[in-house]
Amino acid sequence: MAAATLCGNLLPKPGWLPLIQSVRHGSKAVTRHRKPLHILKQKLLAVTQYVPPPRGPPPGAYPSQRQALKESEFVLLLKKDLIKVFQDYKMIAVVQNSSSSAEDMMILKHRLHKHGISVKFFPNQVMRSFLSDSVYSNMTPLLIGPTVLFVSKEPKVKEMLSTLRASPQMTLLGACIDNTLLSTQGIVNYSKLPSVSVMQGELVSGLTMMTSRTASMLQHHPAHLSALLQQYIKQQSPDDATRAAPEGETT
């Protein structure tokens, strides 16, 4: 009896509609699920995932652990050689060596030796340590990668450039010529200048011509010389000459 009463209460009465009805629509494709990745792609993403480095202490929180490294005797010897190079040679060129063979380097040394140019090898660390405490500190940016030095007691710029044209694996970076730092273009411009002997010859010829003209003028007749001097005085003081002319007419 109780079960029948309960079922009667739960079952809908005839002629009565529920307030909420479930309406089933057509099936829709679910696109929110991610497609499974291939196992190789998963491994690649895991390997290439960025892992930030751990954050260190802020600067200044701990005392600096850098200690002054003691230079070995070999480094001190190389520095002494560098001091002698910069004192004895007027041209010091920095050249980058782009993987030239030992045979090519030997041929290059032989060609440069004909013009009185030597090749010096110094480690970049020693060069930077020496240049940082010298007046040639502006040459430090040139020391990049494997470099060598072309040195000569007299500036042999034309000979050096002509020799480097036959060695494409050697690249000129800059040079210090007569205590003046020059770039690659500056070295090319310096090579186009006439030599010191030619300049001295032109100076001597110019001075000789001026003295010869002076001597020829002095050998002329004194009257001609006095006329020239008077004309020169008139040209230097035109106001005085114009004032002196009317006074002479009145007298």
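A salt bridge is a side-chain nitrogen of Lys or Arg within 4 Å of a carboxyl oxygen of Asp or Glu. The structure holds 1 salt bridge. The model is predicted: local features need pLDDT of at least 70, side-chain atom pairs count only at pLDDT 80 or more, and totals for chains, interfaces and linings use all residues. Residues are numbered from 1 along each chain as its sequence is written, and side-chain values use heavy atoms, with hydrogens and water left out.

**The salt bridge**

Side chains of opposite charge can pair when their charged atoms come close. Here Glu-154 pairs with Lys-90, and their closest N and O atoms are 3.8 Å apart. The pair links distant parts of the chain, 64 residues apart. Glu-154 sits in the loop between β3 and α6 (157–165). Lys-90 sits in the loop between α3 (73–88) and β1 (91–97). Helices (H or I, at least four residues) and strands (E, at least two) are DSSP runs, numbered from the N terminus.

**Accessibility of selected residues**

Buried means under 20% relative accessible area, exposed over 50%, and partly exposed in between (1.4 Å probe, protein chains only). The table applies these classes.

| Residue | Relative accessible area | Class |
|---|---|---|
| Glu-154 | 43% | partly exposed |
| Lys-90 | 40% | partly exposed |
| Lys-109 | 38% | partly exposed |
| Asp-178 | 40% | partly exposed |
| Asn-179 | 63% | exposed |
| Val-148 | 3% | buried |

**The cavity**

Rolling a probe the size of a water molecule over the atoms shows where empty space is left. A cavity is a set of points, on a 1 Å grid over the protein atoms alone, where a 1.4 Å probe fits but cannot get out; lining residues have an atom within 4 Å of a point. Points are joined across faces, edges and corners, and a volume is the space filled by probe spheres set on them. The whole structure has 1 cavity of 30 Å³ or more. About 40 Å³ of space lies in the largest cavity.

Its lining consists of Lys-120, Phe-121, Phe-122, Met-127, Leu-143, Thr-147, Val-148 and Leu-149. By class, 6 are nonpolar, 1 is polar and 1 is charged. Strand β3 (residues 147–152) gives the largest share, 3 residues. Val-148 lies in that strand, β3. Val-148 and Phe-121 are 27 residues apart along the chain, yet their C-alpha atoms are separated by 5.3 Å.

**The surface patch**

Leu-203, Leu-207 and Met-210 form a nonpolar patch on the surface. Together they have about 330 Å² of accessible area. Patches are made of residues with over 30% relative accessible area and no salt bridge; nonpolar side chains (Val, Leu, Ile, Met, Phe, Trp, Tyr) are joined within 5 Å, like charges within 9 Å. Leu-207 lies in helix α8 (residues 196–218). It counts as partly exposed because its relative accessibility is 48%.

Most residues other than glycine have a negative phi. Asp-178 has a positive phi of about 55° although it is not a glycine. Asn-179, also not a glycine, has a positive phi of about 60°. Asp-178 is in the loop between β4 (170–177) and β5 (180–182). Asn-179 is in the loop between β4 and β5 too.

Lys-109 lies in helix α4 (residues 102–114). Lys-109 and Thr-163 are 54 residues apart in sequence. Their C-alpha atoms are 9.9 Å apart in space.

Key: Accessible areas come from the Shrake-Rupley method with a 1.4 Å probe; for residues, only the protein chains shown count as cover. On a 1 Å grid over the protein atoms alone, a cavity is a set of points where a 1.4 Å probe fits but cannot get out, and a pocket is an open set with protein on both sides within 12 Å along at least five of seven lines; lining residues have an atom within 4 Å of a point. Ala, Val, Leu, Ile, Met, Phe, Trp, Tyr, Cys and Pro count as nonpolar, Asp, Glu, Lys and Arg as charged, and the others, Gly among them, as polar.
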